[in-house]
Amino acid sequence: MRIASGGVQHETNTFASTPTTLADFVRDSDCGPELAGGDVIFARFRDTGTIHGGYIAGAESVGAKLLPLLCARAQPSGIVEQKSFDTMLDWFIGRLQALLPVDGVLLDLHGAMVTEQHEDAEGAFIEAVRHVVGGDVPMVVTLDLHANISPKMARLADVIIGFDTYPHVDMYERGVEAATLLAHIIRGEMKPTQAYRQLPLLTMPPMQCTLREPMQTLMQRVHQLEQEPGVITATVSMGFPFADIHDASVSVLVTTNDDQQLADQKADEIASWLWDLRDELQPDLTSIEEVMRFADEHVNDGLVIFADGSDNPGGGAPCDGTVALQAMIDANFEGGVVGVLFDPETAKQAHEAGVGKTIHVRLGGKTDDKHGAPVVGEAYVRALCDGTFTYHGPMMRGVVDHLGPTATLVIGGVEVVVASHRRQCLDAEMLRIAGIEPTHRRLLVVKSAVHFRADIGALATSIFDADTPGIHRPDFSLFEYRHLRRPIYPLDRKAACQTRINLVHE
Ligand SMILES: [Zn+2]
C-alpha cells in the first residue's frame, strides 16, 4: 500500500501588514531551499509530536509505505504571496505525479491559509490534488483546530480530521488516526460518510482553549459521541477569526461508516451544543497594571503569567509589542520577564557588544504602530545564545527549532528575551536557553494566547488574558470585516440570535 503525504500549512491573519513569501516557508520549514520530501521529512519528524510524526508511525503500524512529498510551514503572518503558493503547490503536484499510482493521500494542511487569489487556499490545494489522483483515490485531510473549513474542503476530502486540543498537543495522535483510517478505507473495510455544518459563529482564542471551560466539557462530550456505534470520527473546528474571508467560522464534521443520516444527526447535535455556548465563549481581559498589582499582593505565591495574546505571533501578530514592557518599566516593577520579543536588529546589536555590556536600544514596536512604540533606553546584556532549541513540552515535542541569535537584556529592571526569528513562546525551553528559569520569576509576559498553557502555563499559579492592543486582540469591535458572510454571531448579535442558524449543509 502506497500513501502519498504532505502539504503547505499557514494560518493567515488578513489584518497583518507583512505578506508571507516562499522565503518564510523555507526558513521556518527547515527542509532545505526546495523544501525536500522523502528522507528529509522522515529525519525531521519521526517520533515528534507533529502530524507527520503521526503519519509515519500510523503508516508503519498498518504496513503501508509512506511517501512524504513536501512539508511546508511558515509562522502565521499576512496574506501568502500567490506565486509562492503556486510554486509550493507545483512542487507537491510534480512530486505526486512522478510517484503515481498511489493508493491514498494524506494532506497535512492548516485550514486557514489565504493567498492573494484564494480566500480558501486549502480548498484550492485539495482540488488540485483531487484533479491529479481522480475521484476514486481516498484522501484524508488533517487540519488545525483553527481551520476555517469551507464547504469546498468538506466536499473534496473523503474525511477531514481536525485537532481536538488547543494547545495543540494531539497532533501526533491525529496523524496516527488519519493514517490508520486511510488504510481501512483503502482496504474497503470502511466507507466514510461525512456531514459538515458551518455555524454562523465566530469565537476568539482565549476561550477556545480546551484546558478551560466550556471547551473542556464540550470536547469530552464529543469524545463520547465518537464512541457511539457507527461513528468513525468527529471534529469541532473553532475557526480563525482574524481572517476577513467568507467562510471564517466555527464548523463541525462528523464521519460515520456509510450512514449519512447518523452523520447528519450527530453533526446537528454538536452544532447545537456549540451554539448554546456562544456567550460563554466571549473572553474577559485584564490590564497589565491590574496584574502588576496582583503580583505585588501575591509575592510568595509563585509565577503569574500575563498572556499577551494581542501580539501572538502564533496568530500572525508582530511579536514585538511593547505595551506591557513599557508599563512594567514605568512602574519600576522588579522580577518581570518578557518572552519572546522579536527584534533582530537589537539582538544583533547585543551580540556585537557582548555579555556584560550596556547598550542603547530602541527595542520592539518596529513592525507597525498597533502594538506600542519602541522602548528607548539603556539595556544591560545579561546573556547571549544561538537560539537553537528542542521543544520539550507536550506540544511539538522533539522538534528542533530556531530563535536565531538571541539576547537576554535587562532594561529598567525587566528582563527581555530578544529573538531574531518570530516565534510564539510556547515551551519553557525557549526561556531556559536564554538563561531564564520561569519558576524563579514573579511575572512573565508571554507573546502567546493559549499554546503557552501546555508547558509554561503548568508552571504558573495564576494566568491572565491581556488587555493590550494588537492585531490578535480577542475583541471583535476592532476589526472591520468586508468579505465575511453575515449575519454572524457575535458581530450581528440580534440577527444571528433570532435566525439561530442558517447552518450551511454540504
Ligand atoms: Zn491552531
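**Figure 1. The loop that holds P167.** P167 sits in the loop between β5 (159-162) and α7 (171-186). The model shown here and in the other figures is predicted. The peptide bond leading from Y166 into P167 is cis. Its omega angle is near 5°.

**Figure 2. A cis peptide bond at P490.** Y489 and P490 are joined by a cis peptide bond, with omega about 5°. P490 belongs to the loop that runs between β18 (460-465) and α15 (493-499).

**Figure 3. Residues 498-503.** Over residues 498-503, pLDDT stays under 50. For this stretch the model has 8 contacts beyond four places in sequence. For the protein, the average pLDDT is 95. A score of at least 70 is reached by 97% of the residues.

**Figure 4. D30 in the loop between α1 and α2.** The loop that contains D30 lies between α1 (22-29) and α2 (39-45). D30 is not a glycine, yet its phi is positive, at about 60°. Around D30 there are 15 other C-beta atoms within 10 Å. D30 is therefore partly exposed, since a residue is called buried at 20 or more such atoms and exposed at 12 or fewer.

**Figure 5. N332 in the loop between α12 and β10.** N332 is found between α12 (323-330) and β10 (336-342), in the loop that links these elements. The phi angle of N332 is near 55°, a positive value in a residue other than glycine. N332 counts as exposed because it has 9 C-beta neighbours inside 10 Å, and the limit for exposed is 12 or fewer.

**Figure 6. Strands β1 and β2.** Strand β1 (residues 2-9) pairs with β2 in the parallel sense. The pairing of β1 and β2 runs over 8 bridges. R2 stands opposite K65, a residue of β2. Strand β2 covers residues 65-73 and is mostly covered itself, with 8 of its 9 residues buried.

**Figure 7. Where domain 1 meets domain 2.** The protein is divided into domain 1 (2-276) and domain 2 (288-473). The centres of the two domains, taken over C-alpha atoms, are 31 Å apart. In the contact region, 25 residues of domain 1 touch 22 residues of domain 2. On the domain 1 side, the touching residues divide into 11 nonpolar, 12 polar and 2 charged.

**Figure 8. The protein as the setting for the close-ups.** The protein contains 15 helices and 19 strands. Its C-alpha atoms fill a box of roughly 65 × 55 × 40 Å along the principal axes. Among contacts with a separation of 6 or more, 76% are between residues 24 or more positions apart.

Conventions:
Residues are numbered from 1 along each chain as its sequence is written. This is a predicted model: local features need pLDDT of at least 70, side-chain atom pairs count only at pLDDT 80 or more; totals for chains, interfaces and linings use all residues. Helices (H or I, at least four residues) and strands (E, at least two) are DSSP runs, numbered from the N terminus. Two residues are in contact if their C-beta atoms, placed from the backbone, lie within 7 Å. Two strands pair if DSSP finds at least two bridges between them. Domain bounds come from an automatic or database domain assignment. Ala, Val, Leu, Ile, Met, Phe, Trp, Tyr, Cys and Pro count as nonpolar, Asp, Glu, Lys and Arg as charged, and the others, Gly among them, as polar. pLDDT is the predictor's confidence in each residue, from 0 to 100.
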